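Dear colleague,

Please find below the structure that I was asked to pass on to you. My notes on it follow, and I would be grateful if you read them with the model open.

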Amino acid sequence: MSLHLHLRHRIGEFALDVDVTAPPGLTVLFGPSGSGKTTLVNAVAGLLRPDEGRIAAGDWVLMDSATRLWLPPHRRRLGYVFQEGRLFPHLSVRQNLLYGRWFAPRTARGESLSRVIEMLGIGPLLDRRPGALSGGEKQRVAIGRALLAAPRLILADEPLAALDEARKAEILPYFERLRDEVAVPILYVSHSSAEVARLATSVIALRNGRVVAMGTPAQVLGDSAAMGARGVASVLRARVVAHHPDGLSELDTVAGRLWLPRLPQPPGTPLRLRIGASEVILSRARPTGLSALNILPGQVLDLHDGEGPGVLVTLSLGDGSFAERLAARITRRSAEAMGLAPGQTCHAIIKSVALAPLDIGAGVPDLG
Amino acid sequence: MWNDLAHWLGPAEWAAVRLSIRVSFWATLASLPLGILTAYALARWEFPGKQVLNGVVHLPLILPPVVTGYLLLLVLGRRGYVGQVLDQWFGIVLSFRWTGAALAAAVMAFPLMVRAIRLSVEAVDTKLEAAAGTLGASRPWVFVTVTLPLILPGILAGTILAFAKAMGEFGATITFVSNIPGQTQTIPSAIYAFLQVPGGQEAATRLVIVSVTIAMAALVLSEVLARRITRRVAGS
């Protein structure tokens, strides 16, 4: 089921003007704060009434200003995971989880309580009250509560923004499982390109209330118009090959092997890696005598002038239909000294420690 | 215990105590739903005449109680504008009856009840109510399952305050329903009456002791309940 979003809304100086269709899967609404992401998602939830437009999930219309149709929030059958959790303080975790189910139509086929509890690992928390939970635990319960309302669409508004890095790493895998194991489309608001790379099946990039790019995570993260020259990153698919006794894990990619600090995933696991363009060094010849372990050969696709003295070089890694793109941000001076031009063979050098744990996520099985 | 109390007090005093408790109980209970509605409306809704409603609700707090009592008599007395209709069409008479005393007490206690509940409604995070809406709860269900449990401490505080105020109400009551022993003579009116006659001090003192005891008990009870509810709502 794809989600059609067509709306115009004005709040003071800010104007939101959007007309996009989010394909099934997990769509990340991506953009800096103030770009209109939350306004958009609140319009989908019915918490905000846009000036005009039409919102429809498949053939199920949530609002249409042309026919004056507007479903109130409680009739939209959504699961909304808020940034601050918003668990009911006067109810136990179990009562919070079952709150939405009580209002769902009897015929709705939602997830079973036992499966959600198992999936989110919240069994031991059931009889506690939200006041006694940690931030990460609260957010896991909030995900479960949304899921158990038997929603037709799950909304998540920066559900990790209030958490520290360790808690983010704790919650992200649950959203990956949600994406891969639950057949409900998800609209996920985020300003973090790491979350885009790990979670998205498609991305809608917003800026100043308008859609500036849309596509796969690799397309949008590699788009300097959407990301700004400094924010450009690449998404590489990889698979865990082996874990070595010296503390490194060996991964296979389209262009060769990568070695990263030991990963928790077992061999065979498909992964997605987010590699910032500024973390990549280029070399015409295959370098020797270098401390960096990760050297991937590729071909220069194009060069883009970026902000200031920078140039964005896009490489094509691997060949044929499996080719992937890798962006590198280098100075114009080095590009000229190297005589870089499209079609040339080039080597990309990536430091093993350049990838933070949040940049490494489970790959989408059908893509991996 | 009740028997000992009844023995210790004279029949007139005992009647006043029972009447006061009855009047205050019904005054508080009957005005509670309207109090919650008014508090919610003042805290959350925007409507024309909101400031007028706010003023009318708070008026009994500022006016001399005798004025409030006289206004009640004008409107709801047997010859009053509304009282006439109630009497002729429904056979309901409020003036000089215990029900009238309950009404006077309710009117006087109403601003205190509304203020306490309104504060607690304003303290409720509307984001929690919005979250309940997205989970499928309609407005009335959101109120019952989220708002009401969260404002329970305020409702409790408002109820206790209103009850205490009703127990002590004197001016409006004596003006609207007079001071008829066994009918409309509440504890304060009885104390006043005993003090008007020679040798009545002893009876008055006994009633003062009863008043203080009831007031203290109500305060302690509200503290205990409020702490228990707050602990449950805050969760730990």
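How many residues does the contact take from chain B and how many from chain A? In this predicted model, chain B gives 21 residues to the contact and chain A gives 23 residues.

The size of an interface is often given as the accessible area lost when the parts come together. Between chain B and chain A, the buried area is about 1900 Å², and carbon and sulfur atoms give 70% of that area. On the side of chain B, 34% of the area buried against chain A is supplied by B:Leu128, B:Thr134 and B:Leu135, more than by any other three residues.

As to polar links, four residue pairs are in polar contact between the two chains, both residues being at pLDDT 80 or more. Three helices of chain B, α7 (126-134), α8 (139-168) and α11 (201-234), each supply at least two residues of the side that touches chain A. The largest share, seven residues, comes from α7(B). By type, the residues of this side are 13 nonpolar, six polar and two charged.

One salt bridge is found across the interface. A:Glu84 forms this bridge with B:Lys127, and the closest N and O atoms are 3.8 Å apart.

Finally, I turn to a helix of chain A. Helix α5 (residues 165-181) of chain A has 17 residues and spans 25 Å from its first C-alpha to its last, close to the expected 24 Å. Among the buried residues of α5(A) are A:Ile171, A:Leu172 and A:Phe175, and also A:Lys168, A:Glu176 and A:Arg179.

A colleague

Technical notes
Residues are numbered from 1 along each chain as its sequence is written. Chains are lettered from A and ligands numbered from 1 in the order in which they are written. This is a predicted model: local features need pLDDT of at least 70, side-chain atom pairs count only at pLDDT 80 or more; totals for chains, interfaces and linings use all residues. Side-chain values use heavy atoms; hydrogens and water are left out. Contact means heavy atoms within 4.5 Å. Buried area is the accessible area (1.4 Å probe) that two parts lose on being put together, summed over both. A salt bridge is a side-chain nitrogen of Lys or Arg within 4 Å of a carboxyl oxygen of Asp or Glu. A polar contact is a pair of N or O atoms within 3.5 Å; within protein, one must be able to donate a hydrogen and the other to accept it, and residues adjacent in sequence count only if both atoms are side-chain atoms. Helices (H or I, at least four residues) and strands (E, at least two) are DSSP runs, numbered from the N terminus. Ala, Val, Leu, Ile, Met, Phe, Trp, Tyr, Cys and Pro count as nonpolar, Asp, Glu, Lys and Arg as charged, and the others, Gly among them, as polar. The expected span of a helix is 1.5 Å times one less than its number of residues. Buried means under 20% relative accessible area, exposed over 50%, partly exposed in between (1.4 Å probe, protein chains only).
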